[in-house]
Amino acid sequence: MTEQSHWYKDAIFYELYVRAFADGNGDGNGDFRGLITKLDYIQSLGVDCIWLLPMYPSPLVDDGYDIAGYFDIHRDYGTLDDFKAFLEAAHARGLRVITDLVLNHTSDQHPWFQASRNSRVDAKRDYYVWSDTDEKYPEVRIIFLDTEPSNWTLDERTGQYFWHRFYKEQPDLNYDNPEVQAAMLDVMSFWLDMGIDGFRADAVPYLFEREGTNGENLPETHAYLKRVRAYLDQHYSDRILLAEANQWPEEVVEYFGTGEDEFHMGFHFPVMPRLYMALRQGDRTPVVEIMRHTPPIPDGCQWCMFLRNHDELTLEMVTEEERQWMWQEYAPDPRMRLNLGIRRRLAPLVDNDRRRIELLNSLLFTLPGAPIVYYGDEIGMGDNIWLHDRNGVRTPMQWNDGPNAGFSNAPADKLYAPIIDDPTYGYKRINVAGQEADATSLLDTMRHMIHTRKESLVFSRGVLEFLEPEDTAILAYLRRYQDEVVLAVHNLVDEERRTALNLYSYAGAAPYDLLAGATLPIIGHSPYEVDLPPYGYRWLKLA
């Protein structure tokens, strides 16, 4: 087995959409040549690893998750040589790079599917899941409820139905076919040989289909994913697999296996909506309950945590009552909703309240797991709910207050999506250059949080212990690793709060405010009082 460090356990990830980041050739689309010119900025944030959304040839029905070819770069983004140049430039700055590995499905434009639908006896027919009836697997839920009436679509040419868990333009691969299993290992090798540092594996719970099941988290799926991990470990060193399994934590834990035979990392989806619930309710209970509901994970593994990403803010793992409440509170306009979620960016979700943006990021950086920052959220970018599907949170990065926000020198009508130009979130007001010139900006605060977090392993590796002050508006917890202890305290309401915490075990310690750089009064043998402004937070090292 190859050597594996645990760099990913301590990493901070930066998720970016190549099309949205920087246009290097003036065609209105971001590309790898443009991205190379922005690597110094990404490095300056203090992040460790870039996660790239799909950059493969695609008709873009699902913004690149419908892959028409696994071994090339989408023409809008450049060439394989451009990608190699980007990878070399990122590695030269100490930045790792992971890309999306879309295992579950291809585009219907992929040559495999074009051959598969050509006839019932084509050599590629068995690369996909076909049926004479659309009544198989009735227990399997429909994920894209807004657009797809069924997981089956009739192919007029051959008179059979093909299976798809997402858009009908994304037929599912047939993992009962050994050729498909081997083909996806070849896809992995192609990109790993190029030097990427791992994969974020998309939609992994759905690889196999079995009658009488909901088609998720099946034993056959885990067996194949273990084969993927074994292949990775056998042929490559120090690379990672990150699971996108939108499931309850006890189900996601299964994707870690023993800690050495399946995924290194997994997203903790259910935490995210509960951060917003706790903030709007002014009550820590939703966060405390979901974290206590989270099983321990193997030593070699790590959760991935996020506030927002390229998809909708999913509300799959809340009750129907909670979902309706979240829609009412955070997405009152139906255009803000999609499937079982909310298609909004971080800043608009909290009404552009800088205090709440910072508070949520403090939670992201101090709760267990590796944080992911979504491009543009570090400056408080807005969204465009008038754009189709999830494109509203995938608008061009706002670099400065010049033409096209510094994203592209193409004519404005040639941009892949319009620059946000409203009075609140428009590029004249929200941009990198303006915030770099302002020592009190959100960007400066984000950099400070990131660099402070990286100075100690307690945030990435420490155990979590909740404190339970009488005031439920206070979310406080200890993080402990080896001989280091940090107390994180958060005020979830728009009022000043003084909270008394049971810190008797640390009597004699003088708490040091890591973010403010100040020493607080020594802890005694009575409840320790901490003052917090409205939506305030503190990271206190108990020295």
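Visitor: How do β4 and β6 pair, and over how many bridges?
Guide: This is a predicted model. In it, β4 and β6 (residues 160-163) run antiparallel, paired over two bridges.

Visitor: Which residue in β6 is the bridge partner of Ser131?
Guide: Tyr161.

Visitor: And what order do the strands take in that open sheet?
Guide: It has three strands, ordered β4-β6-β5, with antiparallel pairing.

Visitor: Switching to charges. How many salt bridges turn up in the whole structure?
Guide: The search finds 46. One of them joins Arg200 and Glu244, with the closest N and O atoms 3.3 Å apart.

Visitor: What does the Arg200 and Glu244 pair tie together?
Guide: Arg200 sits in strand β7, while Glu244 is in the loop between β8 (240-243) and α9 (249-252), so the pair ties parts 44 residues apart in sequence.

Visitor: Are those two buried or exposed?
Guide: Both Arg200 and Glu244 are buried.

Visitor: Where's Glu220, and what does its salt bridge with Arg210 tie together?
Guide: The closest N and O atoms of Glu220 and Arg210 are 3.1 Å apart. Glu220 lies in helix α8 and Arg210 in the loop between β7 and α8, so this pair links parts 10 residues apart in sequence. Glu220 is partly exposed at 27% relative accessible area. Arg210 is partly exposed too, at 25%.

Visitor: What about Glu468 and Arg292, how do their side chains meet?
Guide: In a salt bridge, 3.0 Å from N to O. It links distant parts of the chain, 176 residues apart: Glu468 in the loop between β15 (463-467) and β16 (474-481), Arg292 in helix α11 (residues 285-292). Glu468 is exposed, at 55% relative accessible area.

Visitor: Which residues do shared partners join into one network?
Guide: Asp62, Asp63, Asp311, Glu312, Asp389, Arg390 and Arg394.

Visitor: Last one. Beyond its sequence neighbours within four places, what is Val228 in contact with?
Guide: Leu185, Met188 and Leu241. Val228 is in helix α8 and buried, at 3% relative accessible area.

Note on methods. Residues numbered from 1 in each chain as written. Predicted model: local features only at pLDDT ≥ 70, side-chain atom pairs only at ≥ 80, totals over all residues. Heavy atoms only, no water. Helix = DSSP H or I, 4+ residues; strand = E, 2+ residues; numbered from the N terminus. Buried < 20%, exposed > 50% of the residue type's maximum accessible area, 1.4 Å probe, protein only. Contact = heavy atoms within 4.5 Å. Pairing = 2+ DSSP bridges. Salt bridge = Lys/Arg side-chain N within 4 Å of Asp/Glu carboxyl O.
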